[in-house]
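Here is a short report for a first look at this structure.

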Amino acid sequence: QVQLVESGGGLVQAGGSLRLSCAASGRTFRMVWFRQAPGKEREFVAGISLLSTSTVYVDSVKGRFTISRDNTKNTVYLQMNSLRAEDTAVYYCGADKSAQGGSWTREYDYWGQGTQVTVSS
């Protein structure tokens, strides 16, 4: 069983930046970031394929967030710039245990515990 551990969350002013990290204890394939704000459903934010050949973003973060990964460290990152109050949420990392295609917004095999991001306006 692969463990995912997120880090890098915190409190930041609107317009600021944060970099989230998600370290996996073993090899993973597709990796994603979701988020869940209070009272809202979990939302897909960004995803990246194994070899970083494909990246996908929800429209609301395009141009502001960048997903990347370092397979030598089994780690995926989410660089978040120009943060807005509406980005406030718990951010979760997800990953596949094998090569799977399909929708980026589907369920994944592994999930982290989440890291809180709070953007003050």
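## Nonpolar cores

A nonpolar core is a set of buried Ala, Val, Leu, Ile, Met, Phe, Trp, Tyr and Cys residues joined through side-chain atoms within 4.5 Å. The model is predicted. Its largest nonpolar core has 28 residues. Leu4, Trp33, Leu78, Met80 and Tyr91 have the most contacts inside this core. At least two core residues come from each of β3 (18-24), β4, β5 (43-48), β7 (65-70), β8 (75-80), β9 and β11 (115-120).

Take Leu4 in the largest core. Residues up to four places away in sequence are not counted here. Leu4 then touches Cys22, Ala23, Ala24, Met31, Cys93, Gly94, Ala95, Tyr110, Trp111, Gly112 and Gln113.

## Aromatic pairs

A pair of aromatic rings is described by the distance of the centres and the angle of the planes. The count of aromatic pairs comes to four. One of them joins Phe34 and Tyr108: the centres are 6.2 Å apart and the planes meet at 65°, so the pair is edge-to-face. Phe34 lies in strand β4 (residues 31-36), and Tyr108 lies in the loop between β9 and β10, so the pair ties together parts that are 74 residues apart in sequence. Both residues, Phe34 and Tyr108, are buried.

Tyr108 also forms an edge-to-face pair with Trp111. Here the distance is 6.0 Å centre to centre, with 85° between the planes. Are these two residues buried or partly exposed? Tyr108 has 6% relative accessibility, so it counts as buried. Trp111 has 25%, so it counts as partly exposed. Ring pairs link Phe34, Phe44, Tyr108 and Trp111 into a cluster.

## Arginines over rings

Which arginine lies over the face of Phe34? It is Arg42, at 5.0 Å from the ring centre. Arg106 lies over the face of Tyr108, at 4.5 Å from the ring centre.

## Around Arg106

Arg106 is in the loop between β9 (89-95) and β10 (110-111). Its side chain reaches the backbone oxygen of Gly101 at 3.0 Å. A polar atom of the Arg106 side chain also lies 3.4 Å from the backbone oxygen of Ser103.

Now set aside neighbours within four places in sequence. Arg106 is then in contact with Arg30, Phe34, Asp96, Gln100 and Gly101.

How values were computed
Residues are numbered from 1 along each chain as its sequence is written. This is a predicted model: local features need pLDDT of at least 70, side-chain atom pairs count only at pLDDT 80 or more; totals for chains, interfaces and linings use all residues. Side-chain values use heavy atoms; hydrogens and water are left out. Helices (H or I, at least four residues) and strands (E, at least two) are DSSP runs, numbered from the N terminus. A polar contact is a pair of N or O atoms within 3.5 Å; within protein, one must be able to donate a hydrogen and the other to accept it, and residues adjacent in sequence count only if both atoms are side-chain atoms. Contact means heavy atoms within 4.5 Å. Rings of Phe, Tyr and Trp (its six-membered ring) pair if their centres lie within 6.5 Å; planes under 30 degrees apart count as stacked, over 60 as edge-to-face and the rest as tilted. Buried means under 20% relative accessible area, exposed over 50%, partly exposed in between (1.4 Å probe, protein chains only). A charge sits over a ring if NZ of Lys or CZ of Arg is within 6 Å of the ring centre and within 35 degrees of the ring normal.
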